[in-house]
2 protein chains.
Amino acid sequence: MATAVLPRFGTDERAALAGEAVRMITSLRRHGATAGGGVTRLVYSPEWQAAMAELEAWFRSGGLEVRVDAVGTRLGRLQGRQAGVVLTGSHVDSVVTGGAYDGILGVVMAGCAVRWLAANAGRPALSLEVFANCEEESSRFACNFWGARALTGRIGPAEPEKLLDASGTTIADAMRLCGLDPGAIAEAKRDDLVAYLEPHIEQGPVLARSDDVIAVVDRIVGVRVVTVTLEGVAGHAGTMPMAARHDALLAASEVALGAEEIARRLGAPAVATVGSLEVQPGGFNQVPGRTRLTIDFRHTEESTLDAIDEELRTLVRRVAEGRGVQARIDTRLGQPGIRFDEGICKRLENACDEAGLEWRRMPSHAGHDAQLIGTVCPAAMLFVPSQGGHSHRPDELTLPEHIGGGIEVMVRTLFALAYQGNGAR
Amino acid sequence: MATAVLPRFGTDERAALAGEAVRMITSLRRHGATAGGGVTRLVYSPEWQAAMAELEAWFRSGGLEVRVDAVGTRLGRLQGRQAGVVLTGSHVDSVVTGGAYDGILGVVMAGCAVRWLAANAGRPALSLEVFANCEEESSRFACNFWGARALTGRIGPAEPEKLLDASGTTIADAMRLCGLDPGAIAEAKRDDLVAYLEPHIEQGPVLARSDDVIAVVDRIVGVRVVTVTLEGVAGHAGTMPMAARHDALLAASEVALGAEEIARRLGAPAVATVGSLEVQPGGFNQVPGRTRLTIDFRHTEESTLDAIDEELRTLVRRVAEGRGVQARIDTRLGQPGIRFDEGICKRLENACDEAGLEWRRMPSHAGHDAQLIGTVCPAAMLFVPSQGGHSHRPDELTLPEHIGGGIEVMVRTLFALAYQGNGAR
């Protein structure tokens, strides 16, 4: 087979695709819009359904065949001449009061690239599929990469009826409300993937503080999340003397500050975050009897994660003993890090050079679908800059010129993977 | 006028009224029942309406005339021969996940006493009214003694449309849903009160740890509540380096521990409590950008409350500067303490002696309706024991024998006030 040649792709193409991506982001951010430009689009919610419907229509209008997998992920396919699929995209759900770019910009960038290839480069050797993943953030259910786990066959049979959201709805019922059958989840498993390429916003300050437009992401740090439950003694804020208290909120405060101290002492890349803290009963005139908090901690080395985990357990025990409260620690998430495929990383770097874009290699400090999908096929990621380094908040922004540059790198890399080569090899 | 003589009141009467009170508490705790025997009965809720309806029927069945005032307080009246009213009772609303005794036991004890007097002692000189107060806890709205403020003419004209509950409902709309007219609140003001006597559970450990059955409460400590809002910078829990964070939850943790330190350093009777803490955005993988917490602090001396207030403001400023977050402190409640009427306290002590019950004098460390009503007429309180000193939690309990003793003291004191004397004088 003769090596395929990429059709002309210049500054006009880049500008046109950036415009198309911005138009899509502007339209998609309406679904789950919150005050101040934010987005709350939780999996299987009406807002999520509306965004998925809009993406389906957009895939179809670009000549892609649309399929919905068993967990509701949408796939827009450009059929190739031979077996095997190059998958590309990211997730559609958001965190609570997040921004309009996290996840969904990756779907839009992948969609722009594959739609352009469909219109200009003809039929690929390997099929290309745009991946509009149902769920990644665990914002509604503690479901831990739901979409990517379905795709890699890692959802346990009992999970759908067990996972509850804050209102007590099971994820199985939430699926049924979207017309999905939780009994069919195993059918989402793929064995035809040849490569996976995930574009995403950086969600941090590295690119924004440099002149680089693209980060070639060659690994992802490991993430662990524990839930700490502290059971003290509730009581009246006036009549319970200070010396007689077993205040669960004060215990939680000591744990939060202690977790910060551990991460600061270890230094970068260690981070530890208490992101959620619930207080019961919660009245201003009630001594808190029960608190539940999460501790999210991350590091590139598994051995350091083990050490942090151990230190946190010691901290919680010490605080609980000091205040006479009962403590429980449950592991909510334990996601090992990953090293990505060197071949795809190199292709991304070549594509950046061809596009005349400054780039750097870096690890991701955030978890991504690619760390699961990368265990079943060669994978890599590229980052585009987050203005100000901001993410998971309403003012997330990636500039149109950076989106355009990223899409060009996507077009060139996907062309190399699906038209010229045999996937990542 | 000849001095009236109390009809025979002995151990049989005490036991019968204790049984009636327990029957009423058992029935009333169904309205707003939560798991584990708790009660959540917020003002103007359906549960509150059901409890009020049951109390109305009970008052009527005891021969009392029922009136509903402009804010929904129920009054069960035994008409006297001359002008002037001896008021007695407490509040019907509860804290969130509180117990079955706080407030409403006082209504039931007052109701038992006045129903017995109506049946056995004939018409009093001064009218007796049982006070089933609509609201005292500020658990749904930050409305700060709503019922007692209405009765003493202290609700501002703009308040009803301004006060919001957590779901954004105004207290005016909540009143309308109960058939009450928020425009008529001024009509609830009373100018006919001659005395107020409030029975209540102690909500603390003093009686339970002693052999005393009754506390004659001669003053109430002052209470202040401030709301602290901390505005930091939200972000991604992975990509935001520790050194670059302005974490609003860590700032809140320092404030909570600092408030505890201030109260412990001052020593009893100073207390300080962070009872509520909200975290935004609140996802486990989001650095907290905003927190809001309440600090409730109490002391018998106004000058010490001023000093604590000043220390807390210094603490918040120091924490905010240290973490680069914005801080705001709003005063949510500033309730001065009160010294109760010595004449009513003496009558309570006489009644305890006549009933053969051990008693002690003590201050209340909790706020009560009596501290407002006591500014417009002579007032005092009596406490009955809280088992284990527990309150504002589901396992609140006062033993039937203590309830019976308290009712006998109520009968004897109300008889002295309404049949024998001219109110408290």
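Trainee: Which residue of chain A forms a salt bridge with Arg323(B)?

Mentor: This is a predicted model, so what follows is computed from its atoms. A salt bridge here needs a side-chain nitrogen of Lys or Arg within 4 Å of a carboxyl oxygen of Asp or Glu. The closest N and O atoms of the pair are 2.8 Å apart. The partner of Arg323(B) is Glu260(A).

Trainee: How many salt bridges does the rule find across the interface of chain B and chain A?

Mentor: The pair of Arg323(B) and Glu260(A) meets the rule. Over all chains, the structure holds 67 salt bridges. Across the interface of chain B and chain A, the number is 2.

Trainee: Which element gives the most to the side of chain B that touches chain A?

Mentor: Polar contacts across this interface involve 17 residue pairs, both residues at pLDDT 80 or more. On the chain B side, two or more residues each come from β8 (235–236), α7 (248–266), β9 (271–273), β10 (277–280), β11 (286–287), β12 (290–299) and β13 (326–335). The top contributor gives 9 residues, and it is α7(B).

Trainee: How many residues of the side of chain B that touches chain A are nonpolar?

Mentor: In total, 59 residues of chain B are in contact with 59 residues of chain A. On the chain B side, 20 residues are polar and 11 are charged. The nonpolar residues number 28.

Trainee: What area do chain B and chain A bury between them?

Mentor: The size of an interface is often given as the accessible area lost when the parts come together. Carbon and sulfur atoms account for 60% of the buried area here. In chain B, the residues that lose the most area to chain A are His236(B), Met242(B) and Phe284(B), together 16% of what that side buries. The area that chain B and chain A bury between them is about 4,800 Å².

Trainee: Which element gives the most to the lining of the largest pocket?

Mentor: The largest pocket has a volume of about 1,000 Å³, and 37 residues line it. Nearest its centre lie Gly282(A), Ser276(B), Glu278(B), Arg292(B) and Arg332(B). Two or more lining residues each come from β10 (277–280) of chain A and from β10, β12 and β13 of chain B. The element that gives the most, with 4 residues, is β10(A).

Trainee: How many charged residues does the lining of the second largest pocket have?

Mentor: The second largest pocket, with a volume of about 830 Å³, is lined by 30 residues. Those nearest its centre are Arg140(A), Ala142(A), Glu278(A), Arg292(A) and Arg332(A). In chain A, β7 (222–231), β12 (290–299) and β13 (326–335) each supply at least two lining residues. By class there are 9 nonpolar and 11 polar residues, and the number of charged ones is 10.

Trainee: How many residues apart are Arg115(A) and Glu20(A)?

Mentor: Arg115(A) and Glu20(A) form a salt bridge, with the closest N and O atoms 3.4 Å apart. The pair links distant parts of the chain, from helix α3 (residues 104–120) to helix α1 (residues 11–28) of chain A. The separation of Arg115(A) and Glu20(A) in residues is 95.

Trainee: Where is Pro281(A) placed?

Mentor: The peptide bond from Gln280(A) to Pro281(A) is cis, with omega near 0°. Another cis bond runs from Ala268(A) to Pro269(A), with omega near 5°, and Pro269(A) sits in the loop between α7 (248–266) and β9 (271–273) of chain A. Pro281(A) is in the loop between β10 and β11 (286–287) of chain A.

Trainee: What is the phi of Ser138(B)?

Mentor: Ser138(B) is in the loop between β4 (126–133) and α4 (146–151) of chain B. Although Ser138(B) is not a glycine, its phi is positive, about 55°.

Conventions
Residues numbered from 1 in each chain as written. Chains lettered and ligands numbered in written order. Predicted model: local features only at pLDDT ≥ 70, side-chain atom pairs only at ≥ 80, totals over all residues. Heavy atoms only, no water. Contact = heavy atoms within 4.5 Å. Buried area = accessible area lost by both parts, 1.4 Å probe. Polar contact = N/O pair within 3.5 Å; in protein donor to acceptor, adjacent residues only side chain to side chain. Nonpolar A, V, L, I, M, F, W, Y, C, P; charged D, E, K, R; others polar. 1 Å grid on protein atoms, 1.4 Å probe; cavity = no way out; pocket = protein on both sides within 12 Å on 5 of 7 lines; lining within 4 Å. Points joined across faces, edges and corners; volume = space filled by probe spheres on them.
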